[in-house]
Amino acid sequence: MRPQLNIKIGPCWKMDSIAHIDYELTYQDVKATSDTPMFCRFDEAFGGLCPFPDMKYLEIQDEQGMIDYEEKEIPSFNTGIKCFGYFPKREIKGILRWSYRAFPRVLPENYRSSPYYDFRAEPGGLNGSGFFSLLLPVANEELDVSLHWDLGRMPEGSRAIFSFGEGDIEKPMTVIELGMSLFAVGKIHAVENESFGVYYLSEPDFEINPIVERIIPIFQYEREYFHDFDAHFRVFLRRDPFMISNGGSACRYAFISGYSAFGGFDADKWFNTLIHEMTHTWPYMDDNNVGEGTWFTEGATEYYCTWLPYVGGFLDDEFTVKCLNEKIGRRYYQNPFRETPNMELPKIQWKERAAQECPYGRGFLYLANTEAQLRRADKGSIDDVVKQFGWDRPMHPSDWKAFLLERLGKEAVTQFEEMTEGKLMEPDPDIFENKFKVVKDEIELNGEMAVAYHFEKK
(Lines give C-alpha, C1' and ligand atoms only; values in the text may rest on other atoms or scores of the structure.)
Protein backbone atom coordinates (compact mmCIF):
# COMPACT_ATOMS: atom_id res chain seq x y z
CA MET A 1 0.00 0.00 0.00
CA ARG A 2 1.40 3.40 -1.00
CA PRO A 3 1.95 6.15 1.60
CA GLN A 4 -0.71 8.88 1.51
CA LEU A 5 0.22 12.54 1.03
CA ASN A 6 -2.61 15.08 1.32
CA ILE A 7 -2.07 18.65 0.13
CA LYS A 8 -4.45 21.56 0.74
CA ILE A 9 -3.71 24.81 -1.09
CA GLY A 10 -5.50 28.03 -0.16
CA PRO A 11 -4.68 31.15 -2.21
CA CYS A 12 -5.75 34.55 -0.89
CA TRP A 13 -6.93 37.25 -3.31
CA LYS A 14 -6.02 40.91 -2.76
CA MET A 15 -5.78 43.95 -5.04
CA ASP A 16 -6.37 42.03 -8.29
CA SER A 17 -3.74 39.38 -7.56
CA ILE A 18 -2.72 36.79 -4.98
CA ALA A 19 -1.21 38.10 -1.75
CA HIS A 20 -0.14 34.71 -0.40
CA ILE A 21 -0.97 31.01 -0.43
CA ASP A 22 -1.58 28.90 2.68
CA TYR A 23 -0.40 25.30 2.48
CA GLU A 24 -1.30 22.35 4.68
CA LEU A 25 0.17 18.89 4.12
CA THR A 26 -0.37 15.60 5.94
CA TYR A 27 1.73 12.48 5.50
CA GLN A 28 0.95 9.04 6.85
CA ASP A 29 4.24 7.19 6.54
CA VAL A 30 6.81 9.31 8.37
CA LYS A 31 10.06 7.62 9.39
CA ALA A 32 11.79 10.80 10.50
CA THR A 33 14.39 10.86 13.28
CA SER A 34 17.06 13.28 14.45
CA ASP A 35 19.09 11.96 11.49
CA THR A 36 16.26 11.63 8.96
CA PRO A 37 14.24 14.72 7.91
CA MET A 38 10.45 14.90 8.10
CA PHE A 39 10.33 16.89 4.85
CA CYS A 40 12.57 19.22 2.89
CA ARG A 41 12.77 22.53 1.08
CA PHE A 42 14.35 22.96 -2.34
CA ASP A 43 16.05 26.32 -2.70
CA GLU A 44 18.76 28.47 -4.31
CA ALA A 45 18.48 26.63 -7.62
CA PHE A 46 20.30 27.34 -10.89
CA GLY A 47 23.14 29.34 -9.42
CA GLY A 48 20.86 30.86 -6.79
CA LEU A 49 18.50 32.39 -9.36
CA CYS A 50 15.42 30.38 -8.33
CA PRO A 51 14.56 30.55 -4.61
CA PHE A 52 11.93 28.91 -2.48
CA PRO A 53 9.35 31.61 -1.66
CA ASP A 54 9.51 33.57 1.56
CA MET A 55 7.32 31.83 4.12
CA LYS A 56 5.91 32.42 7.61
CA TYR A 57 3.98 30.53 10.28
CA LEU A 58 5.56 27.12 9.70
CA GLU A 59 3.95 24.72 12.19
CA ILE A 60 4.61 21.00 12.48
CA GLN A 61 2.55 18.63 14.61
CA ASP A 62 1.57 15.01 15.12
CA GLU A 63 -1.04 13.38 17.36
CA GLN A 64 0.94 14.46 20.45
CA GLY A 65 1.02 18.13 19.48
CA MET A 66 3.56 20.62 18.17
CA ILE A 67 7.00 19.45 17.09
CA ASP A 68 10.15 21.50 17.49
CA TYR A 69 12.63 21.01 14.67
CA GLU A 70 16.11 21.71 13.36
CA GLU A 71 16.74 22.83 9.78
CA LYS A 72 19.98 22.01 7.94
CA GLU A 73 21.26 21.41 4.44
CA ILE A 74 21.17 17.83 3.16
CA PRO A 75 22.31 16.18 -0.09
CA SER A 76 20.10 17.08 -3.05
CA PHE A 77 18.95 14.83 -5.87
CA ASN A 78 20.20 17.51 -8.29
CA THR A 79 23.57 19.28 -8.19
CA GLY A 80 21.95 22.50 -9.40
CA ILE A 81 19.48 22.72 -6.49
CA LYS A 82 20.15 23.01 -2.76
CA CYS A 83 18.06 20.97 -0.36
CA PHE A 84 17.31 21.71 3.31
CA GLY A 85 15.86 19.11 5.65
CA TYR A 86 13.61 19.64 8.69
CA PHE A 87 14.56 17.27 11.51
CA PRO A 88 12.31 16.53 14.53
CA LYS A 89 13.64 17.06 18.06
CA ARG A 90 11.46 14.26 19.41
CA GLU A 91 9.90 11.01 18.25
CA ILE A 92 6.92 11.34 15.88
CA LYS A 93 3.62 9.64 16.64
CA GLY A 94 0.95 9.05 13.99
CA ILE A 95 0.13 11.32 11.09
CA LEU A 96 2.48 14.25 10.52
CA ARG A 97 0.97 17.61 9.59
CA TRP A 98 2.78 20.77 8.52
CA SER A 99 1.42 24.12 7.43
CA TYR A 100 2.87 27.45 6.31
CA ARG A 101 2.16 30.61 4.33
CA ALA A 102 4.13 31.37 1.14
CA PHE A 103 4.48 34.84 -0.38
CA PRO A 104 5.02 35.74 -4.06
CA ARG A 105 8.59 36.46 -5.01
CA VAL A 106 9.71 40.10 -5.07
CA LEU A 107 12.17 40.38 -7.94
CA PRO A 108 15.58 41.95 -7.30
CA GLU A 109 16.38 45.31 -8.87
CA ASN A 110 17.60 45.09 -12.49
CA TYR A 111 16.40 41.48 -12.67
CA ARG A 112 16.31 40.01 -16.17
CA SER A 113 15.29 36.40 -16.31
CA SER A 114 15.98 32.94 -14.96
CA PRO A 115 14.31 29.53 -15.03
CA TYR A 116 10.58 30.10 -14.59
CA TYR A 117 10.00 27.69 -11.72
CA ASP A 118 9.83 30.49 -9.14
CA PHE A 119 6.70 31.55 -7.22
CA ARG A 120 5.54 34.69 -9.04
CA ALA A 121 2.36 36.78 -8.96
CA GLU A 122 1.01 39.22 -11.55
CA PRO A 123 -2.35 40.91 -12.20
CA GLY A 124 -4.88 38.07 -12.31
CA GLY A 125 -3.12 35.46 -10.20
CA LEU A 126 0.06 33.50 -9.57
CA ASN A 127 2.08 30.71 -11.14
CA GLY A 128 5.00 28.56 -10.09
CA SER A 129 6.19 24.98 -9.66
CA GLY A 130 6.02 22.11 -7.22
CA PHE A 131 9.60 22.18 -5.96
CA PHE A 132 9.54 25.93 -5.32
CA SER A 133 6.25 26.10 -3.46
CA LEU A 134 5.87 22.77 -1.60
CA LEU A 135 7.75 21.48 1.45
CA LEU A 136 7.91 17.85 0.35
CA PRO A 137 8.53 14.60 2.23
CA VAL A 138 11.76 12.73 1.66
CA ALA A 139 10.53 9.62 -0.14
CA ASN A 140 11.76 7.59 -3.09
CA GLU A 141 8.68 5.44 -3.57
CA GLU A 142 5.44 6.35 -5.32
CA LEU A 143 2.89 8.14 -3.12
CA ASP A 144 -0.89 8.40 -3.27
CA VAL A 145 -1.22 12.16 -3.64
CA SER A 146 -4.53 13.87 -2.86
CA LEU A 147 -4.48 17.55 -3.79
CA HIS A 148 -7.27 19.94 -2.83
CA TRP A 149 -7.62 23.60 -3.81
CA ASP A 150 -9.48 25.82 -1.34
CA LEU A 151 -10.65 28.75 -3.51
CA GLY A 152 -12.93 30.26 -0.86
CA ARG A 153 -10.85 33.47 -0.72
CA MET A 154 -10.69 33.81 -4.51
CA PRO A 155 -13.00 35.61 -6.98
CA GLU A 156 -15.86 33.69 -8.52
CA GLY A 157 -14.77 31.85 -11.64
CA SER A 158 -11.17 31.36 -10.51
CA ARG A 159 -9.38 28.27 -11.80
CA ALA A 160 -6.47 26.25 -10.38
CA ILE A 161 -4.47 24.15 -12.83
CA PHE A 162 -1.42 21.93 -12.33
CA SER A 163 0.49 20.45 -15.24
CA PHE A 164 -0.98 17.05 -14.29
CA GLY A 165 -4.59 18.19 -13.98
CA GLU A 166 -7.11 20.85 -12.99
CA GLY A 167 -8.79 21.34 -9.63
CA ASP A 168 -8.85 18.61 -6.99
CA ILE A 169 -6.67 15.66 -8.00
CA GLU A 170 -5.98 12.18 -6.68
CA LYS A 171 -3.05 10.58 -8.40
CA PRO A 172 -0.14 8.23 -7.62
CA MET A 173 3.19 9.99 -8.21
CA THR A 174 6.71 10.29 -6.87
CA VAL A 175 8.06 13.32 -5.04
CA ILE A 176 10.15 14.12 -8.11
CA GLU A 177 7.07 14.06 -10.36
CA LEU A 178 5.19 16.29 -7.92
CA GLY A 179 8.13 18.64 -7.62
CA MET A 180 8.73 18.79 -11.36
CA SER A 181 5.30 20.23 -12.01
CA LEU A 182 3.94 23.65 -12.93
CA PHE A 183 0.75 25.41 -11.89
CA ALA A 184 -1.33 28.56 -12.25
CA VAL A 185 -4.18 29.85 -10.09
CA GLY A 186 -6.40 32.89 -10.45
CA LYS A 187 -8.63 34.52 -13.03
CA ILE A 188 -7.23 32.37 -15.80
CA HIS A 189 -7.81 32.98 -19.49
CA ALA A 190 -7.42 30.00 -21.77
CA VAL A 191 -7.13 28.81 -25.35
CA GLU A 192 -7.63 25.06 -25.21
CA ASN A 193 -8.97 21.89 -26.75
CA GLU A 194 -9.10 18.32 -25.46
CA SER A 195 -5.32 17.76 -25.67
CA PHE A 196 -3.63 21.18 -25.69
CA GLY A 197 -4.14 24.36 -23.69
CA VAL A 198 -2.53 27.77 -23.17
CA TYR A 199 -3.33 29.48 -19.85
CA TYR A 200 -2.55 33.09 -18.98
CA LEU A 201 -3.40 35.61 -16.26
CA SER A 202 -2.74 39.03 -17.82
CA GLU A 203 -3.95 39.87 -21.30
CA PRO A 204 -0.87 40.09 -23.57
CA ASP A 205 -0.56 42.55 -26.46
CA PHE A 206 -0.29 39.75 -29.03
CA GLU A 207 -2.71 37.19 -30.45
CA ILE A 208 -2.37 33.72 -28.96
CA ASN A 209 -4.91 31.85 -31.10
CA PRO A 210 -3.01 31.89 -34.43
CA ILE A 211 0.12 30.49 -32.77
CA VAL A 212 -1.84 27.79 -30.94
CA GLU A 213 -3.55 26.82 -34.18
CA ARG A 214 -0.10 26.29 -35.75
CA ILE A 215 1.25 24.30 -32.82
CA ILE A 216 -1.62 21.86 -32.16
CA PRO A 217 -1.14 19.69 -35.29
CA ILE A 218 2.61 19.53 -34.58
CA PHE A 219 1.89 18.34 -31.04
CA GLN A 220 -0.49 15.69 -32.35
CA TYR A 221 2.12 14.54 -34.88
CA GLU A 222 4.85 14.34 -32.23
CA ARG A 223 2.79 12.43 -29.68
CA GLU A 224 1.98 9.85 -32.36
CA TYR A 225 5.65 9.71 -33.40
CA PHE A 226 6.65 8.92 -29.81
CA HIS A 227 3.66 6.55 -29.35
CA ASP A 228 2.19 8.68 -26.56
CA PHE A 229 -1.28 8.81 -28.06
CA ASP A 230 -3.16 10.09 -24.99
CA ALA A 231 -0.68 12.85 -24.20
CA HIS A 232 -1.94 16.31 -23.31
CA PHE A 233 0.07 19.50 -23.01
CA ARG A 234 -0.39 22.68 -20.97
CA VAL A 235 1.36 26.00 -21.55
CA PHE A 236 1.40 28.55 -18.73
CA LEU A 237 2.15 32.13 -19.74
CA ARG A 238 3.77 34.63 -17.38
CA ARG A 239 4.02 38.39 -17.79
CA ASP A 240 7.55 39.55 -16.97
CA PRO A 241 8.08 43.05 -15.52
CA PHE A 242 11.37 43.49 -17.41
CA MET A 243 12.46 44.15 -21.00
CA ILE A 244 14.10 40.88 -22.10
CA SER A 245 11.79 37.89 -21.90
CA ASN A 246 10.46 35.06 -24.10
CA GLY A 247 12.21 32.33 -22.10
CA GLY A 248 10.71 29.04 -21.01
CA SER A 249 11.02 26.22 -18.46
CA ALA A 250 9.60 22.75 -18.94
CA CYS A 251 8.30 19.81 -17.01
CA ARG A 252 6.62 16.69 -18.30
CA TYR A 253 3.57 17.58 -20.42
CA ALA A 254 3.81 21.30 -19.65
CA PHE A 255 5.95 24.37 -19.68
CA ILE A 256 5.88 27.98 -18.59
CA SER A 257 6.87 30.81 -20.91
CA GLY A 258 7.43 34.50 -20.27
CA TYR A 259 6.61 37.60 -22.28
CA SER A 260 7.65 41.17 -21.51
CA ALA A 261 5.12 43.65 -20.13
CA PHE A 262 6.93 46.24 -22.26
CA GLY A 263 6.11 44.55 -25.58
CA GLY A 264 8.60 43.51 -28.23
CA PHE A 265 6.97 40.12 -28.65
CA ASP A 266 8.44 37.97 -31.44
CA ALA A 267 5.78 35.53 -32.67
CA ASP A 268 8.23 33.28 -34.56
CA LYS A 269 10.58 33.11 -31.55
CA TRP A 270 7.73 32.15 -29.23
CA PHE A 271 6.48 29.60 -31.75
CA ASN A 272 9.96 28.02 -31.74
CA THR A 273 10.06 28.14 -27.95
CA LEU A 274 6.68 26.39 -27.82
CA ILE A 275 7.84 23.60 -30.12
CA HIS A 276 11.06 23.13 -28.16
CA GLU A 277 9.43 22.99 -24.73
CA MET A 278 6.58 20.81 -25.99
CA THR A 279 9.08 18.32 -27.42
CA HIS A 280 10.82 18.13 -24.02
CA THR A 281 7.96 15.79 -23.07
CA TRP A 282 9.73 12.84 -24.71
CA PRO A 283 13.56 12.62 -25.10
CA TYR A 284 15.15 12.60 -21.65
CA MET A 285 18.49 11.75 -20.04
CA ASP A 286 19.23 11.87 -16.32
CA ASP A 287 20.89 15.22 -15.63
CA ASN A 288 20.81 15.28 -11.84
CA ASN A 289 24.59 15.61 -12.01
CA VAL A 290 24.11 18.72 -14.10
CA GLY A 291 26.08 18.58 -17.34
CA GLU A 292 26.08 14.80 -17.81
CA GLY A 293 22.74 14.75 -19.60
CA THR A 294 22.20 18.37 -20.67
CA TRP A 295 23.75 17.76 -24.09
CA PHE A 296 21.12 15.07 -24.72
CA THR A 297 18.02 16.42 -23.00
CA GLU A 298 18.43 19.79 -24.71
CA GLY A 299 20.18 18.58 -27.87
CA ALA A 300 17.66 15.81 -28.60
CA THR A 301 14.84 18.22 -27.96
CA GLU A 302 16.37 20.66 -30.46
CA TYR A 303 16.89 17.84 -32.97
CA TYR A 304 13.33 16.51 -32.82
CA CYS A 305 11.57 19.87 -32.51
CA THR A 306 13.37 21.03 -35.67
CA TRP A 307 13.42 17.84 -37.75
CA LEU A 308 9.98 16.36 -37.02
CA PRO A 309 7.94 19.46 -37.99
CA TYR A 310 10.00 19.60 -41.19
CA VAL A 311 9.65 15.94 -42.25
CA GLY A 312 6.00 16.04 -41.15
CA GLY A 313 5.36 18.81 -43.65
CA PHE A 314 4.42 21.50 -41.14
CA LEU A 315 7.43 23.79 -41.72
CA ASP A 316 9.19 24.56 -44.99
CA ASP A 317 12.86 24.67 -46.06
CA GLU A 318 13.21 28.39 -45.44
CA PHE A 319 11.90 28.26 -41.86
CA THR A 320 13.98 25.14 -41.09
CA VAL A 321 17.21 26.62 -42.47
CA LYS A 322 16.71 29.64 -40.19
CA CYS A 323 16.29 27.25 -37.27
CA LEU A 324 19.43 25.29 -38.16
CA ASN A 325 21.51 28.44 -38.44
CA GLU A 326 20.21 29.72 -35.13
CA LYS A 327 20.41 26.46 -33.19
CA ILE A 328 23.63 25.02 -34.63
CA GLY A 329 25.26 28.00 -36.33
CA ARG A 330 24.89 30.63 -33.63
CA ARG A 331 24.54 28.46 -30.53
CA TYR A 332 27.42 26.13 -31.38
CA TYR A 333 29.78 27.26 -34.14
CA GLN A 334 29.66 30.95 -33.18
CA ASN A 335 29.70 30.18 -29.46
CA PRO A 336 32.83 31.30 -27.56
CA PHE A 337 32.43 28.25 -25.28
CA ARG A 338 32.12 25.72 -28.12
CA GLU A 339 35.24 23.81 -26.98
CA THR A 340 34.46 23.90 -23.25
CA PRO A 341 33.80 20.40 -21.77
CA ASN A 342 30.22 19.57 -20.88
CA MET A 343 30.90 19.34 -17.15
CA GLU A 344 32.60 22.74 -17.08
CA LEU A 345 29.63 24.59 -18.60
CA PRO A 346 27.31 24.32 -15.54
CA LYS A 347 29.88 26.23 -13.48
CA ILE A 348 29.33 29.36 -15.57
CA GLN A 349 26.06 28.82 -17.45
CA TRP A 350 23.93 31.10 -15.26
CA LYS A 351 26.43 33.93 -15.61
CA GLU A 352 27.31 33.47 -19.28
CA ARG A 353 24.29 33.10 -21.56
CA ALA A 354 26.39 31.59 -24.36
CA ALA A 355 27.66 28.87 -22.00
CA GLN A 356 24.08 27.93 -21.18
CA GLU A 357 23.21 27.68 -24.88
CA CYS A 358 26.24 25.61 -25.89
CA PRO A 359 24.85 22.14 -24.94
CA TYR A 360 21.74 22.84 -27.03
CA GLY A 361 23.71 23.37 -30.23
CA ARG A 362 26.43 20.85 -29.47
CA GLY A 363 23.96 18.09 -28.65
CA PHE A 364 21.81 18.89 -31.68
CA LEU A 365 24.76 18.68 -34.09
CA TYR A 366 26.17 15.57 -32.45
CA LEU A 367 22.85 13.70 -32.62
CA ALA A 368 22.25 14.77 -36.23
CA ASN A 369 25.73 13.51 -37.10
CA THR A 370 25.09 10.22 -35.29
CA GLU A 371 21.77 9.80 -37.12
CA ALA A 372 23.61 10.29 -40.44
CA GLN A 373 26.21 7.67 -39.48
CA LEU A 374 23.54 5.15 -38.50
CA ARG A 375 21.59 5.61 -41.72
CA ARG A 376 24.71 5.38 -43.89
CA ALA A 377 25.70 2.13 -42.15
CA ASP A 378 22.11 0.81 -42.33
CA LYS A 379 22.16 0.47 -38.53
CA GLY A 380 18.79 2.01 -37.73
CA SER A 381 18.19 5.38 -36.10
CA ILE A 382 18.72 7.23 -32.83
CA ASP A 383 14.95 6.75 -32.47
CA ASP A 384 15.65 3.13 -31.57
CA VAL A 385 17.20 4.12 -28.24
CA VAL A 386 15.49 7.48 -27.63
CA LYS A 387 12.01 5.92 -27.64
CA GLN A 388 13.03 3.33 -25.01
CA PHE A 389 13.44 6.03 -22.36
CA GLY A 390 11.63 9.08 -21.01
CA TRP A 391 10.85 11.13 -17.89
CA ASP A 392 9.54 8.07 -16.05
CA ARG A 393 12.59 6.00 -17.14
CA PRO A 394 15.51 8.34 -17.82
CA MET A 395 18.32 7.34 -20.13
CA HIS A 396 21.84 7.38 -18.64
CA PRO A 397 25.11 8.06 -20.48
CA SER A 398 25.94 4.36 -20.12
CA ASP A 399 22.76 3.46 -22.07
CA TRP A 400 23.81 5.79 -24.86
CA LYS A 401 27.34 4.38 -24.99
CA ALA A 402 25.98 0.80 -25.05
CA PHE A 403 23.78 1.76 -28.02
CA LEU A 404 26.73 3.29 -29.87
CA LEU A 405 28.94 0.29 -29.21
CA GLU A 406 26.30 -2.14 -30.49
CA ARG A 407 25.41 -0.17 -33.63
CA LEU A 408 28.59 1.69 -34.62
CA GLY A 409 31.46 0.22 -32.58
CA LYS A 410 34.22 1.62 -30.38
CA GLU A 411 35.01 4.52 -32.68
CA ALA A 412 31.55 5.97 -32.10
CA VAL A 413 32.03 5.72 -28.32
CA THR A 414 35.32 7.60 -28.71
CA GLN A 415 33.57 10.28 -30.77
CA PHE A 416 30.95 10.63 -28.04
CA GLU A 417 33.60 11.06 -25.34
CA GLU A 418 35.41 13.62 -27.49
CA MET A 419 32.15 15.54 -27.85
CA THR A 420 31.66 15.62 -24.08
CA GLU A 421 35.22 16.98 -23.70
CA GLY A 422 34.52 19.79 -26.16
CA LYS A 423 36.26 18.64 -29.33
CA LEU A 424 34.98 20.71 -32.26
CA MET A 425 32.68 18.75 -34.58
CA GLU A 426 32.14 19.09 -38.31
CA PRO A 427 28.75 18.37 -39.92
CA ASP A 428 28.54 14.83 -41.28
CA PRO A 429 28.52 14.72 -45.12
CA ASP A 430 25.04 13.14 -45.00
CA ILE A 431 23.58 15.30 -42.21
CA PHE A 432 19.82 15.88 -42.40
CA GLU A 433 19.53 13.37 -45.26
CA ASN A 434 21.28 15.86 -47.59
CA LYS A 435 18.18 18.05 -47.63
CA PHE A 436 20.26 21.20 -47.06
CA LYS A 437 23.57 22.57 -48.29
CA VAL A 438 26.38 22.81 -45.73
CA VAL A 439 28.69 25.80 -46.22
CA LYS A 440 32.08 26.20 -44.53
CA ASP A 441 32.93 29.63 -43.09
CA GLU A 442 35.82 31.41 -41.46
CA ILE A 443 34.80 33.59 -38.52
CA GLU A 444 36.48 35.54 -35.75
CA LEU A 445 35.97 33.85 -32.40
CA ASN A 446 37.70 34.63 -29.12
CA GLY A 447 40.05 37.00 -30.93
CA GLU A 448 41.19 34.45 -33.53
CA MET A 449 40.05 33.19 -36.92
CA ALA A 450 38.11 29.94 -36.63
CA VAL A 451 36.23 27.43 -38.78
CA ALA A 452 32.42 27.48 -38.71
CA TYR A 453 29.52 26.22 -40.83
CA HIS A 454 26.07 27.36 -41.86
CA PHE A 455 23.17 25.80 -43.80
CA GLU A 456 21.44 26.93 -46.97
CA LYS A 457 18.50 25.74 -49.03
CA LYS A 458 19.44 23.55 -51.99
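Let me start with Asn-6, whose bridge partner in strand E2 is Thr-26, strands here being DSSP runs of type E with at least two residues, and helices runs of H or I with at least four, numbered from the N terminus. This is a predicted model, in which local features need pLDDT of at least 70 and side-chain atom pairs count only at pLDDT 80 or more, while totals for chains, interfaces and linings use all residues. Residues are numbered from 1 along each chain as its sequence is written, and side-chain values use heavy atoms, with hydrogens and water left out.

Strand E1, residues 4-14, pairs with strand E2, residues 17-27, in the antiparallel sense over 10 bridges, where pairing requires that DSSP finds at least two bridges between two strands.

Now to Arg-234, which is in strand E19, residues 233-240. Is Arg-234 buried or exposed? Arg-234 counts as buried because its relative accessibility is 16%, the cut-offs being under 20% relative accessible area for buried, over 50% for exposed and partly exposed in between, with a 1.4 Å probe and protein chains only. The side chain of Arg-234 reaches the backbone oxygen of Ser-163 at 3.1 Å. Arg-234 and Phe-87, for their part, are 147 residues apart in sequence and 36 Å apart in space, C-alpha to C-alpha.

How values were computed
Polar contact = N/O pair within 3.5 Å; in protein donor to acceptor, adjacent residues only side chain to side chain.
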